Amino acid sequence: MGRTKHTGPIKLPSKPDPKLWVSKMPFGLGRVKPRHIRETMKVMADNRDNLPYALRILTQGVCDGCALGVSGLYDQTLAGPHLCTTRLNLLRLNTMPAIKPHMLHADIEELRRMDSTELRKLGRLPYPLIRRKGERAFSRISWDEALETIASKIKSIDPKQLAFYLTARGITNESYYAAAKVARFLGTNNIDNASRICHSPSKTALKRSVGIGASSCSYKDWIGTDVLVFWGSVAANNQPVSTKYMYAAKRKGTKIIVINPYREPAMDGYWVPSIPESALFGTKLADDFYQVNIGGDIAFMHGVMKHWFEMEQREPGSAIDHDFVAAHANGYEALREHARKQDWAQLVSSSGLSRERIAEFAELLARSKSAVFVWSMGLTQHRFGTDNISQVANLALLRGFLGREHCGLMPIRGHSGVQGSGEMGADPFSLPGGEFKGEDIPRIEKTWGFALPRWQGDIVGVSLENALLPDAHERRLKLFYTSGGNFIETMPDPDFVRRCLEAVDIRVHQDILLNTSTLADAREAVIVLPAMTRYEQPGGGTSTSTERMVYFSPEIDGPRMPEARPEWRIYTELAAKVDPERAALVQFKDADAIRAEIAVAAPNYDGIQHLKRQGDVFQWGNAWLCEDGVCPTPDGRGNLIPVELPELRKPEGHFYATTRRGKQFNSMVYGAVDPFNDAHRDDIIVSGKDAGDIGIQDGDAVVAYNRHGVFHGRARIGDVAPGNLELFWPEGNILLARGRYEPMAGIPEYNIAVVLEKADTYHAFKDTRYVEKRIEELETEAPGS
């Protein structure tokens with residue numbers, strides 16, 4: 001790992017820089033942009049019944065939103081207070097009162113008429129609930145009866161028929177760790193977490209390329225790097241505090257490049273509310289956009305490398321850092337030959353970028369002495385997500401952008417604490433501090449004092465599909481225990497997911513509120529267990545940020561749900577019900593005891609046991625992983641990996657379609673209109689060229705369809721690469737194919753080929769025969785097309 005310690009927050013420049021202003025009009029009046037002051041006032045009004053508690057959460061707790069890691073109002077990157085509307089919108093989840101009984105026990109059909117936003121606003125879950133097969137409403141149940149019912153089912157089934165899942169909804173490292181331990185204690189390796197549908201390819205690729213499973217650098221490295229590249233990441237929308245880091249980087253002369261099919265307005269210019277200059281006049285963030293085709297990133301990066309090797313032929317050393325490669329990378333010759341044999345015409349066609357534009361980006365990186373590559377779901381949510389990330393690592397290794405100041409590889413996390421989920425072992429392929437293989441298995445068995453099941457667990461998507469297996473199958477999912485999560489709204493093909501959920505015998509929802517998945521039926525019963533938030537957890541809790549900062553978030557004085565329990569304790573109490581004779585092996589006196597055991601089980605987390613007070617933090621691995629180019633691989637070297645150009649056959653008459661986020665946090669939508677582009681949730685963003693070609697005008701009713709689903713919406717003409725469409729997530733999930741997973745990391749495919757037509761054209765020929773004929777003629781089934 002690294003030796004150099006993080007040096008702590010730095011100060012922003014005190015003088016303004018008008019060259020970076022978006023507009024001289026104060027507060028962006030007349031522009032489409034977030035209204036931060038108005039949003040803040042609305043949040044204050046929403047929390048007026050618990051305002052003192054809300055203020056304590058903001059000033060004492062670690063943010064339960066994105067994974068930038070703001071503790072109280074401060075972080076380790078920049079001096080001064082930080083606050084964003086994402087965190088403010090999440091605040092009400094922690095301060096709202098209990099759901100009123102007449103709604104909590106209403107007829108299930110009345111609840112099903114509500115969407116997730118309406119269900120969320122009902123309030124917190126006050127006590128355990130059960131709804132048995134055929135019952136029309138949830139009824140109250142005691143904790144003992146709920147846990148006994150779950151335990152009895154677990155004892156009656158094969159452990160392979162049991163699965164656990166933990167989302168990233170404010171869950172602490174302590175809860176991830178307890179769940180991972182209890183799952184193995186109960187004999188199952190079917191345990192998964194929210195990174196499966198966001199950054200699982202990042203960990204898989206980084207492990208094979210450079211031997212790490214996390215960001216190699218820190219946010220401070222953004223500030224002063226020559227080039228900061230955002231690849232398929234709209235950090236300004238999903239991690240708003242990051243705009244402050246971008247502002248600081250711009251003030252240091254950093255060039256910011258965005259590679260994305262859509263020219264995201266939030267990355268073009270942003271009004272950073274906690275910087276007076278930016279709050280008034282906005283800040284130009286991106287210096288350039290490379291509008292690559294959906295799925296065309298590998299081709300684009302092949303083009304960059306091919307151009308580099310052409311530069312090298314003309315002038316050795318003009319593009320490749322040969323000293324770094326010779327000392328720290330394997331596979332140079334193979335990668336060079338692989339890149340050289342790529343066909344320029346195919347690279348241009350697949351990437352959607354001209355040879356000149358590819359060369360322009362290649363030469364920018366070749367001139368740069370430092371660069372940080374940041375990416376998110378635009379690279380990972382593909383059937384070739386792992387190859388996408390290894391290709392990014394190839395670029396970094398060839399230029400020596402690794403293991404030193406202002407350089408690195410950063411999969412930016414969208415959820416507070418999700419970085420710790422796999423590191424705590426809440427993953428079918430991981431154990432605390434290691435992998436589910438080799439010497440890590442006996443190491444953890446010695447620490448935990450019991451044998452681990454030796455069979456390979458399933459990813460969550462496969463576990464859900466297993467609910468539809470024949471009753472006698474040893475892996476038919478019979479008990480699904482989920483902490484948070486709303487699979488109907490996060491997975492492809494929502495109707496299929498609902499069928500899977502309803503085929504489970506007993507489904508347990510450990511959560512703080514209701515969502516649409518909670519309301520689905522089950523063969524025997526749905527049990528709902530009220531959980532505490534991280535701010536209510538006795539003894540506090542910890543979470544790990546994108547940059548590997550482990551923050552302590554204290555218990556904060558305030559109102560409580562009388563029957564809500566700490567998530568980690570619920571798991572251990574369930575284990576005691578299932579196997580009382582061995583229960584002592586998984587019991588913890590308090591949260592301190594969990595942290596003490598984590599420090600032993602996960603060596604990188606040695607130091608977590610000392611986190612006890614507000615503001616306590618340490619960074620595992622220190623400032624830079626792979627410091628000085630030395631990687632934690634068997635030979636200490638990184639691996640340059642030739643990856644194949646993915647086959648992206650776009651059938652005639654089709655578009656590539658992908659999903660994007662609007663005013664939301666994960667699947668929790670906070671506004672019907674996107675404040676950055678004024679688009680509505682049913683809008684389909686299409687280029688002006690494509691709209692003209694098919695006779696569509698802005699605002700026209702349109703239909704996007706394929707063999708998987710039909711989406712009715714309106715055309716929104718925007719600056720998106722021709723041949724590509726953008727739909728909002730999760731609304732657009734109905735078009736996505738089920739059961740299509742990336743083979744190495746198991747992430748679902750979130751991109752698809754669709755036909756786009758004017759609604760009146762579609763409805764004029766909407767008889768089944770016509771639709772099927774159109775799809776049959778136009779859609780050549782291609783993996784991930």
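The second largest cavity of this predicted model is lined by 26 residues, and G232, N260, M377, G378 and T659 are the ones nearest its centre. A cavity here is a set of points, on a 1 Å grid over the protein atoms alone, where a 1.4 Å probe fits but cannot get out, and a lining residue has an atom within 4 Å of a point. Helix 10, helix 19 (377-380) and strand 22 (654-660) each give two or more residues to this lining, with strand 22 giving the most, three residues. Helices (H or I, at least four residues) and strands (E, at least two) are DSSP runs, numbered from the N terminus. The space inside comes to about 370 Å³, a volume being the space filled by probe spheres set on the grid points, which are joined across faces, edges and corners. By class, the lining splits into seven nonpolar, 14 polar and five charged residues; Ala, Val, Leu, Ile, Met, Phe, Trp, Tyr, Cys and Pro count as nonpolar, Asp, Glu, Lys and Arg as charged, and the others, Gly among them, as polar.

Domain 2 (199-412) and domain 3 (654-778) each put at least three residues into that lining. Together with domain 1 (124-197 + 416-619), they make up the domain assignment of the protein chain, with bounds from an automatic or database assignment. The C-alpha centres of domain 2 and domain 3 are 27 Å apart. Their contact takes in 27 residues from domain 2 and 25 residues from domain 3, where contact means heavy atoms within 4.5 Å.

Among the elements that supply at least two residues each are helix 3 (85-95), helix 10 (235-238) and strand 23 (664-665).

Helix 3 turns up again around helix 1 (residues 36-46): along with strand 7 (269-270), helix 3 is part of what covers the buried residues of helix 1. Those buried residues (under 20% relative accessible area, 1.4 Å probe, protein chains only) are H36, E39 and V43. They sit on the same side of helix 1 because they cover an arc of only 60 degrees around the axis, taken from the directions from the helix axis to the C-beta atoms. The face turned away carries I37, R38 and M41, which are exposed (over 50%).

Residues are numbered from 1 along each chain as its sequence is written. Local features need pLDDT of at least 70 and side-chain atom pairs count only at pLDDT 80 or more, while totals for chains, interfaces and linings use all residues, and side-chain values use heavy atoms, with hydrogens and water left out.

How values were computed. 1 Å grid on protein atoms, 1.4 Å probe; cavity = no way out; pocket = protein on both sides within 12 Å on 5 of 7 lines; lining within 4 Å.
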